[in-house]
Amino acid sequence: MADHASGLSQVVVVLGSQWGDEGKGKIVDSLSSVYDVCGRFNGGSNAGHTIVVEGVKFAFHLLPSGILNPRNECIIGNGCVIHFPTLLKELEALQKQNVDYQKRLFISDRAHIVFDFHQKIDGLSETSLGTQKIGTTGKGIGPAYSDKVNRNGIRVSDLYEKDFAEKLKRSVAIAQKKFSFEYDVEAEIKRYEQIAETVKPFVVDSVLWINQKYEQGKKILLEGANAALLDIDFGTYPYVTSSNPTVGGAVTGLGIAPRKIGDVVGVVKAYTTRVGEGPFPTELLDKDGPGNQMRTVGREVGTTTGRPRRCGWLDIPILKYSNLLNGYSVLNLTKTDVLDNFKEIKIGVSYKVDGKTLDSVPTNFEVANKIEVVYETFPGWETDISKCKTWESLPENCRKYIERIEELLNVPIRWIGTGPDREDVLQKPKKL
(Lines give C-alpha, C1' and ligand atoms only; values in the text may rest on other atoms or scores of the structure.)
Protein backbone atom coordinates (compact mmCIF):
# COMPACT_ATOMS: atom_id res chain seq x y z
CA MET A 1 0.00 0.00 0.00
CA ALA A 2 3.04 2.30 0.35
CA ASP A 3 2.87 3.39 -3.29
CA HIS A 4 -0.89 3.94 -2.93
CA ALA A 5 -0.18 6.46 -0.14
CA SER A 6 2.59 8.32 -1.92
CA GLY A 7 2.14 12.06 -2.13
CA LEU A 8 -0.45 12.29 0.65
CA SER A 9 0.00 14.91 3.36
CA GLN A 10 1.13 14.41 6.97
CA VAL A 11 -2.46 14.68 8.21
CA VAL A 12 -5.20 13.05 6.14
CA VAL A 13 -8.92 12.95 6.88
CA VAL A 14 -10.96 10.01 5.56
CA LEU A 15 -14.69 10.71 5.27
CA GLY A 16 -17.85 9.00 4.09
CA SER A 17 -19.36 10.96 1.21
CA GLN A 18 -22.89 9.51 1.10
CA TRP A 19 -25.11 8.04 3.86
CA GLY A 20 -22.48 5.80 5.41
CA ASP A 21 -21.41 2.19 4.82
CA GLU A 22 -19.12 3.25 1.96
CA GLY A 23 -16.21 1.09 3.10
CA LYS A 24 -14.13 3.66 4.98
CA GLY A 25 -12.59 1.06 7.25
CA LYS A 26 -10.85 -0.68 4.38
CA ILE A 27 -8.98 2.37 3.07
CA VAL A 28 -8.11 3.48 6.62
CA ASP A 29 -6.78 0.01 7.40
CA SER A 30 -4.68 0.05 4.22
CA LEU A 31 -3.28 3.55 4.72
CA SER A 32 -2.52 2.73 8.36
CA SER A 33 0.23 0.41 7.17
CA VAL A 34 2.26 3.50 6.25
CA TYR A 35 0.76 6.02 8.69
CA ASP A 36 1.70 6.24 12.36
CA VAL A 37 -1.52 7.36 14.03
CA CYS A 38 -5.21 6.68 13.42
CA GLY A 39 -7.85 8.68 15.28
CA ARG A 40 -11.64 8.35 15.45
CA PHE A 41 -13.23 11.77 15.92
CA ASN A 42 -17.02 11.33 15.98
CA GLY A 43 -19.86 8.98 16.73
CA GLY A 44 -19.91 5.87 18.85
CA SER A 45 -20.97 2.26 18.54
CA ASN A 46 -23.56 3.30 15.94
CA ALA A 47 -20.68 3.09 13.44
CA GLY A 48 -19.72 -0.16 11.78
CA HIS A 49 -16.42 -0.44 9.93
CA THR A 50 -15.76 -3.85 8.37
CA ILE A 51 -12.29 -5.05 7.37
CA VAL A 52 -11.45 -8.45 5.87
CA VAL A 53 -7.87 -9.66 6.37
CA GLU A 54 -6.92 -12.97 4.76
CA GLY A 55 -10.53 -14.10 4.94
CA VAL A 56 -10.98 -13.06 8.59
CA LYS A 57 -13.71 -10.46 9.08
CA PHE A 58 -13.31 -7.72 11.69
CA ALA A 59 -16.27 -5.46 12.52
CA PHE A 60 -15.32 -2.36 14.50
CA HIS A 61 -17.87 -0.07 16.13
CA LEU A 62 -15.63 2.06 18.35
CA LEU A 63 -12.06 1.05 17.61
CA PRO A 64 -10.19 3.01 14.94
CA SER A 65 -9.65 0.88 11.83
CA GLY A 66 -5.87 1.28 12.10
CA ILE A 67 -5.77 -1.03 15.11
CA LEU A 68 -5.00 -4.07 12.92
CA ASN A 69 -1.66 -2.60 11.85
CA PRO A 70 1.00 -3.21 14.51
CA ARG A 71 2.89 0.02 13.68
CA ASN A 72 -0.22 2.15 14.24
CA GLU A 73 -1.14 4.03 17.39
CA CYS A 74 -4.88 4.61 17.68
CA ILE A 75 -6.91 7.14 19.61
CA ILE A 76 -10.63 7.53 20.28
CA GLY A 77 -11.12 11.29 20.29
CA ASN A 78 -13.07 13.70 22.43
CA GLY A 79 -15.78 14.00 19.74
CA CYS A 80 -16.76 10.36 20.23
CA VAL A 81 -19.22 8.92 22.74
CA ILE A 82 -18.07 5.61 24.22
CA HIS A 83 -20.11 2.66 25.42
CA PHE A 84 -17.37 0.89 27.34
CA PRO A 85 -18.95 -2.60 27.48
CA THR A 86 -19.01 -2.56 23.66
CA LEU A 87 -15.40 -1.35 23.49
CA LEU A 88 -14.24 -4.06 25.88
CA LYS A 89 -15.96 -6.72 23.76
CA GLU A 90 -14.10 -5.43 20.71
CA LEU A 91 -10.80 -5.63 22.59
CA GLU A 92 -11.64 -9.17 23.69
CA ALA A 93 -12.28 -10.10 20.04
CA LEU A 94 -8.87 -8.67 19.09
CA GLN A 95 -7.20 -10.77 21.77
CA LYS A 96 -8.81 -13.91 20.37
CA GLN A 97 -7.26 -13.07 16.98
CA ASN A 98 -3.86 -12.41 18.64
CA VAL A 99 -3.94 -8.70 17.77
CA ASP A 100 -1.82 -6.83 20.32
CA TYR A 101 -3.33 -3.42 21.12
CA GLN A 102 -1.48 -2.75 24.38
CA LYS A 103 0.40 0.56 24.35
CA ARG A 104 -1.18 1.31 20.95
CA LEU A 105 -4.72 2.26 21.98
CA PHE A 106 -5.55 5.57 23.66
CA ILE A 107 -8.83 7.15 24.79
CA SER A 108 -9.53 10.85 25.20
CA ASP A 109 -10.22 11.96 28.75
CA ARG A 110 -12.71 14.43 27.24
CA ALA A 111 -14.85 11.84 25.41
CA HIS A 112 -18.37 11.40 26.77
CA ILE A 113 -19.71 8.07 28.00
CA VAL A 114 -22.75 6.18 26.70
CA PHE A 115 -24.41 4.35 29.59
CA ASP A 116 -27.01 1.62 29.31
CA PHE A 117 -29.73 4.07 30.35
CA HIS A 118 -28.94 6.11 27.22
CA GLN A 119 -29.74 3.04 25.16
CA LYS A 120 -32.99 2.53 27.05
CA ILE A 121 -34.22 6.07 26.38
CA ASP A 122 -33.02 5.85 22.77
CA GLY A 123 -35.44 2.99 22.22
CA LEU A 124 -38.24 4.70 24.16
CA SER A 125 -37.78 7.93 22.24
CA GLU A 126 -37.83 6.14 18.89
CA THR A 127 -40.99 4.23 19.83
CA SER A 128 -42.73 7.44 20.90
CA LEU A 129 -42.23 8.91 17.40
CA GLY A 130 -44.41 6.21 15.83
CA THR A 131 -44.59 6.63 12.06
CA GLN A 132 -42.21 9.61 12.32
CA LYS A 133 -39.36 7.47 13.67
CA ILE A 134 -35.81 8.39 12.68
CA GLY A 135 -34.48 4.85 12.30
CA THR A 136 -31.72 5.15 14.87
CA THR A 137 -29.43 2.26 15.74
CA GLY A 138 -30.73 2.24 19.32
CA LYS A 139 -27.18 2.44 20.66
CA GLY A 140 -27.81 5.46 22.87
CA ILE A 141 -25.79 7.85 20.74
CA GLY A 142 -28.38 10.64 20.44
CA PRO A 143 -29.22 10.68 24.17
CA ALA A 144 -25.52 10.72 25.10
CA TYR A 145 -24.85 13.69 22.79
CA SER A 146 -28.00 15.36 24.17
CA ASP A 147 -26.60 15.05 27.69
CA LYS A 148 -23.32 16.49 26.44
CA VAL A 149 -25.02 19.55 24.95
CA ASN A 150 -27.28 19.93 28.00
CA ARG A 151 -24.12 19.91 30.15
CA ASN A 152 -25.11 16.99 32.32
CA GLY A 153 -23.09 14.39 30.44
CA ILE A 154 -20.32 12.32 32.00
CA ARG A 155 -16.84 12.31 30.49
CA VAL A 156 -14.12 9.68 30.74
CA SER A 157 -12.20 11.92 33.13
CA ASP A 158 -15.20 11.88 35.49
CA LEU A 159 -14.66 8.17 36.10
CA TYR A 160 -11.69 9.15 38.26
CA GLU A 161 -13.40 11.95 40.21
CA LYS A 162 -14.80 11.51 43.72
CA ASP A 163 -18.25 12.69 42.65
CA PHE A 164 -18.66 10.20 39.76
CA ALA A 165 -21.45 8.31 41.55
CA GLU A 166 -23.38 11.50 42.26
CA LYS A 167 -23.02 12.68 38.66
CA LEU A 168 -24.37 9.37 37.33
CA LYS A 169 -27.30 9.40 39.78
CA ARG A 170 -28.16 12.93 38.70
CA SER A 171 -28.02 12.07 34.99
CA VAL A 172 -30.27 9.06 35.46
CA ALA A 173 -32.72 11.06 37.59
CA ILE A 174 -33.01 13.72 34.88
CA ALA A 175 -33.66 11.03 32.26
CA GLN A 176 -36.29 9.34 34.43
CA LYS A 177 -38.22 12.62 34.68
CA LYS A 178 -38.66 12.50 30.90
CA PHE A 179 -39.01 8.74 30.40
CA SER A 180 -40.38 5.99 32.60
CA PHE A 181 -37.88 3.15 33.00
CA GLU A 182 -36.29 0.99 35.68
CA TYR A 183 -32.55 1.30 36.23
CA ASP A 184 -30.23 -0.13 38.86
CA VAL A 185 -27.95 2.86 39.36
CA GLU A 186 -25.97 1.29 42.21
CA ALA A 187 -25.10 -1.73 40.08
CA GLU A 188 -24.04 0.56 37.24
CA ILE A 189 -21.79 2.55 39.59
CA LYS A 190 -20.07 -0.65 40.73
CA ARG A 191 -19.65 -1.86 37.15
CA TYR A 192 -18.05 1.41 36.10
CA GLU A 193 -15.69 1.40 39.06
CA GLN A 194 -14.26 -1.81 37.60
CA ILE A 195 -14.32 -0.47 34.04
CA ALA A 196 -12.46 2.66 35.17
CA GLU A 197 -9.56 0.59 36.43
CA THR A 198 -9.51 -1.56 33.29
CA VAL A 199 -9.34 1.36 30.86
CA LYS A 200 -7.16 3.68 32.95
CA PRO A 201 -3.91 2.79 31.11
CA PHE A 202 -5.50 3.96 27.84
CA VAL A 203 -6.76 7.37 29.02
CA VAL A 204 -4.80 10.45 27.92
CA ASP A 205 -5.13 14.18 27.38
CA SER A 206 -5.99 13.69 23.73
CA VAL A 207 -5.46 17.30 22.63
CA LEU A 208 -1.91 17.29 23.94
CA TRP A 209 -1.31 13.72 22.69
CA ILE A 210 -2.40 14.25 19.06
CA ASN A 211 -0.56 17.57 18.74
CA GLN A 212 2.63 16.12 20.19
CA LYS A 213 2.46 13.40 17.54
CA TYR A 214 2.10 16.08 14.88
CA GLU A 215 5.11 18.02 16.19
CA GLN A 216 7.13 14.78 16.19
CA GLY A 217 6.45 14.50 12.46
CA LYS A 218 4.17 11.47 12.80
CA LYS A 219 1.80 10.79 9.90
CA ILE A 220 -1.80 10.99 11.12
CA LEU A 221 -5.08 9.58 9.75
CA LEU A 222 -8.33 11.06 11.03
CA GLU A 223 -11.17 8.57 10.55
CA GLY A 224 -14.77 9.70 10.32
CA ALA A 225 -17.72 7.51 11.22
CA ASN A 226 -21.08 7.74 9.39
CA ALA A 227 -21.04 10.20 6.46
CA ALA A 228 -21.76 13.68 5.12
CA LEU A 229 -25.49 13.23 4.44
CA LEU A 230 -25.91 12.07 8.05
CA ASP A 231 -24.24 15.17 9.52
CA ILE A 232 -26.34 16.77 12.26
CA ASP A 233 -25.98 20.18 10.59
CA PHE A 234 -25.66 19.37 6.90
CA GLY A 235 -27.40 16.02 6.48
CA THR A 236 -31.01 15.10 5.66
CA TYR A 237 -32.23 16.35 9.04
CA PRO A 238 -33.86 14.97 11.15
CA TYR A 239 -32.87 11.65 9.57
CA VAL A 240 -29.27 12.10 10.60
CA THR A 241 -26.76 11.09 13.24
CA SER A 242 -25.98 13.22 16.31
CA SER A 243 -22.45 14.34 15.41
CA ASN A 244 -20.46 15.95 12.60
CA PRO A 245 -18.99 13.32 10.22
CA THR A 246 -17.78 16.15 7.95
CA VAL A 247 -14.30 17.66 7.89
CA GLY A 248 -15.11 20.21 10.62
CA GLY A 249 -15.80 17.33 12.97
CA ALA A 250 -12.20 16.16 12.58
CA VAL A 251 -11.02 19.49 13.98
CA THR A 252 -13.40 19.66 16.94
CA GLY A 253 -13.44 15.90 17.57
CA LEU A 254 -9.69 15.54 18.08
CA GLY A 255 -8.50 19.05 18.86
CA ILE A 256 -6.24 19.48 15.86
CA ALA A 257 -6.02 22.83 14.07
CA PRO A 258 -7.52 23.12 10.55
CA ARG A 259 -4.24 24.38 9.06
CA LYS A 260 -2.56 21.09 10.00
CA ILE A 261 -4.92 19.07 7.79
CA GLY A 262 -3.67 18.44 4.27
CA ASP A 263 -5.61 15.92 2.19
CA VAL A 264 -9.26 14.95 2.54
CA VAL A 265 -10.16 11.53 1.13
CA GLY A 266 -13.80 11.01 0.18
CA VAL A 267 -14.98 7.41 0.20
CA VAL A 268 -17.66 6.79 -2.44
CA LYS A 269 -19.56 3.55 -2.96
CA ALA A 270 -20.03 2.80 -6.68
CA TYR A 271 -23.80 2.91 -6.05
CA THR A 272 -25.79 4.39 -3.14
CA THR A 273 -27.14 2.89 0.09
CA ARG A 274 -28.63 4.12 3.32
CA VAL A 275 -29.98 2.55 6.51
CA GLY A 276 -33.01 3.90 8.34
CA GLU A 277 -35.58 6.47 7.33
CA GLY A 278 -35.21 9.60 5.24
CA PRO A 279 -35.11 10.76 1.61
CA PHE A 280 -33.26 8.72 -1.00
CA PRO A 281 -33.89 10.06 -4.54
CA THR A 282 -32.14 7.27 -6.49
CA GLU A 283 -33.54 4.41 -4.39
CA LEU A 284 -34.59 1.29 -6.32
CA LEU A 285 -37.75 -0.20 -4.81
CA ASP A 286 -38.58 -3.11 -7.15
CA LYS A 287 -38.12 -6.28 -5.08
CA ASP A 288 -36.77 -8.20 -8.06
CA GLY A 289 -34.88 -5.27 -9.63
CA PRO A 290 -31.29 -4.00 -9.58
CA GLY A 291 -31.60 -2.62 -6.03
CA ASN A 292 -32.19 -6.10 -4.67
CA GLN A 293 -29.29 -7.38 -6.78
CA MET A 294 -27.01 -4.77 -5.22
CA ARG A 295 -28.23 -5.73 -1.76
CA THR A 296 -27.66 -9.45 -2.34
CA VAL A 297 -24.31 -9.30 -4.15
CA GLY A 298 -22.97 -6.46 -1.99
CA ARG A 299 -24.19 -8.11 1.23
CA GLU A 300 -25.82 -4.83 2.12
CA VAL A 301 -26.80 -5.48 5.71
CA GLY A 302 -25.93 -2.96 8.43
CA THR A 303 -22.79 -3.90 10.38
CA THR A 304 -24.24 -2.36 13.53
CA THR A 305 -27.99 -2.94 13.17
CA GLY A 306 -28.26 -6.02 10.95
CA ARG A 307 -30.93 -4.18 8.96
CA PRO A 308 -31.07 -4.57 5.16
CA ARG A 309 -29.75 -1.43 3.50
CA ARG A 310 -31.81 0.50 1.00
CA CYS A 311 -30.03 0.51 -2.36
CA GLY A 312 -30.03 2.72 -5.43
CA TRP A 313 -28.00 4.14 -8.29
CA LEU A 314 -25.06 6.46 -7.72
CA ASP A 315 -26.31 9.96 -6.90
CA ILE A 316 -24.09 12.76 -8.24
CA PRO A 317 -26.03 15.69 -6.67
CA ILE A 318 -25.44 14.40 -3.14
CA LEU A 319 -21.77 13.78 -3.96
CA LYS A 320 -21.35 17.30 -5.30
CA TYR A 321 -22.99 18.62 -2.13
CA SER A 322 -20.74 16.41 -0.02
CA ASN A 323 -17.69 17.75 -1.86
CA LEU A 324 -18.82 21.35 -1.20
CA LEU A 325 -18.77 20.55 2.52
CA ASN A 326 -15.53 18.60 2.64
CA GLY A 327 -13.36 19.70 -0.28
CA TYR A 328 -12.10 16.26 -1.27
CA SER A 329 -8.54 15.99 -2.57
CA VAL A 330 -9.07 12.49 -3.92
CA LEU A 331 -11.74 9.80 -3.93
CA ASN A 332 -11.77 6.12 -3.10
CA LEU A 333 -14.43 4.32 -5.19
CA THR A 334 -15.51 1.18 -3.35
CA LYS A 335 -17.50 -1.98 -4.15
CA THR A 336 -17.21 -1.48 -7.90
CA ASP A 337 -17.21 -5.27 -8.23
CA VAL A 338 -20.81 -5.43 -6.97
CA LEU A 339 -21.86 -4.08 -10.38
CA ASP A 340 -19.98 -6.80 -12.32
CA ASN A 341 -23.11 -8.60 -13.56
CA PHE A 342 -25.28 -5.63 -14.48
CA LYS A 343 -26.22 -5.32 -18.15
CA GLU A 344 -26.68 -1.60 -17.73
CA ILE A 345 -25.82 0.84 -14.98
CA LYS A 346 -27.26 4.27 -14.27
CA ILE A 347 -25.88 7.40 -12.66
CA GLY A 348 -28.21 10.06 -11.29
CA VAL A 349 -26.61 13.23 -12.66
CA SER A 350 -29.08 15.95 -11.61
CA TYR A 351 -32.37 16.69 -9.88
CA LYS A 352 -35.41 18.36 -11.40
CA VAL A 353 -38.51 19.70 -9.67
CA ASP A 354 -41.41 20.97 -11.75
CA GLY A 355 -39.18 20.90 -14.81
CA LYS A 356 -36.44 23.04 -13.25
CA THR A 357 -32.95 21.75 -12.47
CA LEU A 358 -31.99 22.17 -8.81
CA ASP A 359 -28.65 23.74 -7.91
CA SER A 360 -28.14 21.65 -4.77
CA VAL A 361 -29.68 19.13 -2.41
CA PRO A 362 -32.95 20.65 -1.09
CA THR A 363 -33.49 21.17 2.64
CA ASN A 364 -37.27 21.28 2.27
CA PHE A 365 -38.78 17.79 2.28
CA GLU A 366 -41.81 18.90 0.29
CA VAL A 367 -39.40 19.84 -2.49
CA ALA A 368 -37.32 16.70 -1.97
CA ASN A 369 -40.38 14.50 -2.36
CA LYS A 370 -40.99 16.00 -5.81
CA ILE A 371 -37.51 15.28 -7.13
CA GLU A 372 -37.23 13.73 -10.55
CA VAL A 373 -33.78 12.26 -11.04
CA VAL A 374 -32.13 12.72 -14.43
CA TYR A 375 -30.08 9.63 -15.29
CA GLU A 376 -27.28 8.72 -17.65
CA THR A 377 -27.22 5.06 -18.65
CA PHE A 378 -24.03 3.05 -19.26
CA PRO A 379 -23.48 -0.45 -20.62
CA GLY A 380 -22.28 -2.84 -17.93
CA TRP A 381 -18.98 -4.69 -18.19
CA GLU A 382 -20.44 -8.10 -17.21
CA THR A 383 -17.00 -9.30 -16.20
CA ASP A 384 -15.47 -10.36 -12.89
CA ILE A 385 -13.02 -7.61 -11.90
CA SER A 386 -11.95 -9.15 -8.59
CA LYS A 387 -8.62 -10.28 -10.02
CA CYS A 388 -7.83 -6.95 -11.69
CA LYS A 389 -4.73 -5.35 -10.16
CA THR A 390 -4.13 -2.48 -12.57
CA TRP A 391 -6.25 0.24 -14.13
CA GLU A 392 -5.47 -1.08 -17.59
CA SER A 393 -6.75 -4.56 -16.71
CA LEU A 394 -10.24 -3.29 -15.91
CA PRO A 395 -12.86 -3.80 -18.66
CA GLU A 396 -13.30 -0.78 -20.91
CA ASN A 397 -16.90 -0.20 -19.84
CA CYS A 398 -15.83 -0.22 -16.20
CA ARG A 399 -13.14 2.37 -16.90
CA LYS A 400 -15.66 4.54 -18.76
CA TYR A 401 -18.07 4.38 -15.81
CA ILE A 402 -15.34 5.44 -13.40
CA GLU A 403 -14.06 8.19 -15.66
CA ARG A 404 -17.56 9.62 -16.00
CA ILE A 405 -17.93 9.79 -12.21
CA GLU A 406 -14.59 11.56 -12.01
CA GLU A 407 -15.64 13.99 -14.75
CA LEU A 408 -19.00 14.79 -13.12
CA LEU A 409 -17.44 15.48 -9.72
CA ASN A 410 -14.22 17.09 -10.94
CA VAL A 411 -12.30 15.22 -8.24
CA PRO A 412 -9.70 12.55 -9.07
CA ILE A 413 -10.49 8.95 -8.19
CA ARG A 414 -7.30 7.40 -6.83
CA TRP A 415 -8.30 4.00 -5.47
CA ILE A 416 -10.85 1.50 -6.81
CA GLY A 417 -12.21 -1.37 -4.74
CA THR A 418 -12.50 -4.68 -6.58
CA GLY A 419 -13.44 -7.03 -3.73
CA PRO A 420 -13.90 -7.29 0.05
CA ASP A 421 -10.34 -8.16 1.14
CA ARG A 422 -7.86 -5.46 2.20
CA GLU A 423 -5.73 -6.30 -0.87
CA ASP A 424 -8.64 -5.98 -3.31
CA VAL A 425 -7.88 -2.44 -4.42
CA LEU A 426 -6.10 -0.92 -7.40
CA GLN A 427 -4.80 2.53 -8.13
CA LYS A 428 -5.90 4.70 -11.00
CA PRO A 429 -3.00 6.56 -12.66
CA LYS A 430 -3.00 10.33 -12.43
CA LYS A 431 -4.02 12.20 -15.53
CA LEU A 432 -1.08 13.86 -17.24
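Glutamate 382 has a relative accessibility of 47% and so counts as partly exposed, a class that runs between buried (under 20% relative accessible area) and exposed (over 50%), judged with a 1.4 Å probe and protein chains only. Its backbone deserves a look too: phi of glutamate 382 is near 45 degrees, a positive value in a residue other than glycine. You will find glutamate 382 in the loop between strand 18 (372-379) and helix 12 (396-409). Helices (H or I, at least four residues) and strands (E, at least two) are DSSP runs, numbered from the N terminus.

Before going further, a word on what you are looking at. This is a predicted model, in which local features need pLDDT of at least 70 and side-chain atom pairs count only at pLDDT 80 or more, while totals for chains, interfaces and linings use all residues. Residues are numbered from 1 along each chain as its sequence is written, and side-chain values use heavy atoms, with hydrogens and water left out.

Aspartate 21 is another residue with a positive phi, near 65 degrees. Aspartate 21 sits in the loop between strand 1 (11-16) and helix 1 (24-31), and at 23% relative accessibility it counts as partly exposed. Most residues other than glycine have a negative phi, and most peptide bonds are trans. For a peptide bond of the cis kind, turn to tyrosine 237 and proline 238, where omega is about 5 degrees. Proline 238 belongs to the loop between strand 10 (220-223) and helix 8 (247-254).

The buried residues are Val247, Gly249, Ala250, Val251, Gly253 and Leu254. After helix 8 comes glycine 255, with a positive phi near 75 degrees.

Strand 11 (residues 263-269) holds valine 268, which counts as buried because its relative accessibility is 2%. Leaving aside residues up to four places away in sequence, valine 268 touches Ser17, Gln18, Leu314, Leu319, Leu331, Asn332, Leu333 and Thr334; a contact means heavy atoms within 4.5 Å.

Now for the cysteines. The structure holds 0 disulfides, a disulfide being a pair of cysteine sulfur atoms within 2.5 Å. Cysteine 74 has its closest cysteine sulfur in cysteine 38, at 4.9 Å, which is too far for a bond. Cysteine 311 is in no disulfide either, as the nearest cysteine sulfur, in cysteine 398, is 19 Å away. Cysteine 74 is buried, at 0% relative accessibility, and cysteine 311 is buried at 0% as well.

Finally, step back to the whole chain. The protein chain has 12 helices and 20 strands. Its radius of gyration is 22 Å, close to the 22 Å from the globule rule for 432 residues, so the chain is as compact as a globular protein of that length; the radius is taken over C-alpha atoms, and the rule is 2.2 Å times the number of residues to the power 0.38. The C-alpha trace spans about 65 × 50 × 40 Å along its principal axes, and 58% of the 432 residues are buried. Among contacts with a separation of 6 or more, 77% come from residues 24 or more positions apart.
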